[in-house]
Amino acid sequence: MKSETKLAENKYDLIVAVEHACIKFNHFDEYEHLAEIDNGASETLFSQLEREISSDKVSDYYVELLVSGLEMVHRCSSKFVKVSVRSVGSDRALRLLCEVVEKYLLFPHYHAHAPTIICFVAKLFNHFTKASSIKQKMTTDNRIISSMARVLKSDMEDSVKIEAIKLLSNLVYCCSIAIHAEGIIDSLVESVHSPNTSIKEASVRTFLNLAISMENRQILGWRNDTISVLLTCLSIDNSDATRIYAIGALGNISACDENKLRLVNYGNGELVKILLFLINSERNMNFQKDSIGVLANLTNADTSCLICQYPDFMNTLVNLATYGDHEDTQTSALKVLRRLSSFIDSSMSCHSHLLLAFLKALACKKSTIQVVAALKDQSSKPLNRNSMAQFPGIMDALGDASLEIEDEGKSNAIKALLFISYLNDGSTYKVSETVLRALTAAAGLTKTKDILTRFAAIKTIKKLASREENRKMMESDGALINALKWTAKKTTTIVTITDSLTELLSASPDDMLGTLMEHIAEKKERVVSDEVLLALADATLLMIAPGPVEDQ
């Protein structure tokens with residue numbers, strides 16, 4: 001081709017030479033394309049394009065031939081694309097192609113060559129993105145991104161816009177710079193409203209790619225038009241791909257701390273209402289799970305109480321957590337409940353809603369372990385203990401749970417009972433038969449792995465015994481007395497982290513369990529004889545029934 005263009009005596013000869021070359025280039029054999037690049041096809045086409053676009057009398061047909069030939073030559077792997085662009089010069093190639101797009105965007109959509117020329121340039125740009133180094137350079141070139149945004153806002157044919165959106169989607173992926181290019185968000189919002197499904201899907205996918213960048217999320221979250229258009233894409237009337245991209249974009253945007261409160265309040269709660277509707281009505285489990293994920297992202301200290309006040313919010317989560325047909329959905333709902341729990345305490349009006357949700361969830365065995373863990377975390381905060389002790393059913397539910405589950409689940413249930421026994425004013429709660437039965441069973445555990453649970457149970461019994469009416473109830477409980485006596489007599493070992501027996505027996509659960517768990521995690525445990533557990537059991541027996549106690 002290089003020699004043919006050199007031999008051309010006029011524009012007509014050049015056009016014929018390029019026409020013949022394009023016929024040869026129209027294939028997908030990348031090794032043949034490499035041979036074409038090695039023979040100077042790429043450099044020759046760029047040189048001819050550069051000369052033509054700057055001439056006084058531009059032949060639109062010739063420009064179309066040149067850009068179509070360049071698109072064909074670059075139908076090859078990233079390695080060969082890189083070789084070609086380097087031979088021409090990346091700055092030169094990108095600048096020249098932008099000039100072509102900007103020139104032909106000035107023509108109306110019915111122009112004989114403008115739409116085709118722009119479409120070939122967009123395809124060529126897409127070929128360039130296969131080479132990572134060139135793609136990286138393109139992402140920082142606002143001229144490219146702005147020109148493609150202008151294509152979207154133009155009245156060009158849909159086929160041209162699809163190529164432009166493909167390029168934008170490629171370039172904005174994880175790129176925070178691209179979002180500042182002039183007109184890109186406005187163009188994407190407009191394109192989402194296109195009746196063409198391919199354009200809509202590609203536009204929403206571009207929003208998803210934009211939202212991957214941490215820096216872009218806040219910008220997108222503070223634009224009402226972006227949130228509005230993404231919400232419209234969640235409708236069942238849209239394609240599955242459009243809906244998945246939209247919920248993914250909202251998930252990323254909602255992960256930005258600066259956006260959470262604004263999104264919860266958006267449109268008088270429109271986003272939360274739509275998410276709840278989708279969670280309750282959606283049959284696509286992956287989409288339902290993603291919707292729950294957006295709710296989870298929205299929760300923080302500022303928003304949790306607001307979200308909890310929406311009608312059916314808690315019931316929706318509890319139903320999914322307990323009666324959901326899919327394990328992934330159930331797990332996601334439980335995670336939202338537990339995340340809410342980390343932000344809500346008894347000083348908030350929604351605390352009772354949270355406790356009621358936990359109580360309902362405890363009725364289902366599938367969710368017991370996670371709910372018990374959340375309640376243990378709640379009870380570790382002194383502020384919450386009075387509310388939990390007074391909430392109807394919570395204490396008995398924890399007691400029942402400790403009898404039904406094993407290992408860490410049982411340990412968490414007993415720890416929760418221990419934490420709650422230390423009320424804010426130093427007093428303790430009135431124990432029920434269910435709770436006392438649970439504590440008795442835990443105090444009588446025999447396996448070495450249960451030693452901490454056993455210790456926590458006896459510690460709880462001792463604290464509860466400081467209340468007179470509890471003490472009277474315990475005096476007549478033969479199983480409890482026997483469990484304590486057995487502990488006092490049985491030679492055993494315990495993990496402990498204090499040299500002071502008095503300190504261990506009198507410490508609050510906040511200090512005792514927290515420090516104990518830290519030392520276990522750091523493998524600093526010191527195994528001793530039965531002194532500590534025996535002394536704790538003896539001290540508890542003395543509180544319940546001073547003086548000799550007969551076997552019962």
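Begin with Asn268, which counts as exposed at 63% relative accessibility; exposed means over 50% relative accessible area, buried under 20% and partly exposed in between, with a 1.4 Å probe and protein chains only. Asn268 sits in the loop between helix 17 and helix 18. Its phi is near 55°, a positive value in a residue other than glycine.

This is a predicted model, in which local features need pLDDT of at least 70 and side-chain atom pairs count only at pLDDT 80 or more, while totals for chains, interfaces and linings use all residues. Residues are numbered from 1 along each chain as its sequence is written, and side-chain values use heavy atoms, with hydrogens and water left out.

**The whole chain**

Colour the model by secondary structure. The protein chain has 34 helices and two strands; these are DSSP runs numbered from the N terminus, with helices as H or I of at least four residues and strands as E of at least two. Of the 552 residues in the protein chain, 54% are buried. Contact here means heavy atoms within 4.5 Å. Among the contacts in the protein chain with a separation of 6 or more, 74% are accounted for by residues 24 or more positions apart.

Select Asp407 next. Phi of Asp407 is also near 55°, again a positive value in a residue other than glycine. Asp407 belongs to helix 27 (residues 407-421) and, at 44% relative accessibility, counts as partly exposed.

**Helix 2**

Move to helix 2 (residues 11-25), where Cys22 is found. Is Cys22 buried or exposed? At 7% relative accessibility, Cys22 counts as buried. Leaving aside residues up to four places away in sequence, Cys22 touches Leu65, Ser68, Gly69 and Met72.

At 65% relative accessibility, Ile23 counts as exposed. Ile23 and Gly69 are 46 residues apart in sequence, with 8.8 Å from C-alpha to C-alpha.

**Aromatic pairs**

A pair of aromatic rings is described by the distance of the centres and the angle of the planes. Rings of Phe, Tyr and Trp (its six-membered ring) pair if their centres lie within 6.5 Å; planes under 30 degrees apart count as stacked, over 60 as edge-to-face and the rest as tilted. By this rule there are three aromatic pairs.

Show the side chains of Tyr31 and Phe80. Their ring centres are 5.9 Å apart and their planes are at 70°, so the pair is edge-to-face. The pair links distant parts of the chain, with Tyr31 in helix 3 (residues 30-38) and Phe80 in helix 6 (residues 78-88), 49 residues apart. Tyr31 is exposed, with a relative accessible area of 59%, whereas Phe80 counts as buried at 8% relative accessibility.

Next, select Tyr104 and Phe107. This aromatic pair is stacked, with 5.3 Å from centre to centre and 25° between the planes. Tyr104 is buried, with a relative accessible area of 0%, while Phe107 counts as partly exposed at 27% relative accessibility.

**Helix 15 and its cover**

Which residues of helix 15 (residues 224-232) are buried? They are Thr226, Ile227, Val229, Leu230 and Leu231. What covers them includes helix 12 (184-192), helix 13 (197-210), helix 14 (214-221), helix 16 (240-254), helix 17 (260-265) and helix 18 (270-281).

**Helix 28 against helix 29**

Finish with helix 28 (residues 433-443) and helix 29 (residues 451-464), whose axes come within 8 Å and cross at roughly 135°. Axes are lines fitted to C-alpha atoms, for helices over the stretch in contact, and angles run from 0 to 180 degrees between N-to-C directions. Helix 28 and helix 29 are therefore oblique to each other; angles under 35 degrees count as roughly parallel, over 145 as roughly antiparallel, 65 to 115 as roughly perpendicular and the rest as oblique.

To see the contact, select Leu439, Ala442 and Ala443 of helix 28 together with Thr453, Arg454, Ala457, Ile458, Thr460, Ile461 and Leu464 of helix 29.

Eight of the eleven residues of helix 28 are buried, so helix 28 is largely enclosed by the rest of the structure. The buried residues are Thr434, Val435, Leu436, Ala438, Leu439, Thr440, Ala442 and Ala443.
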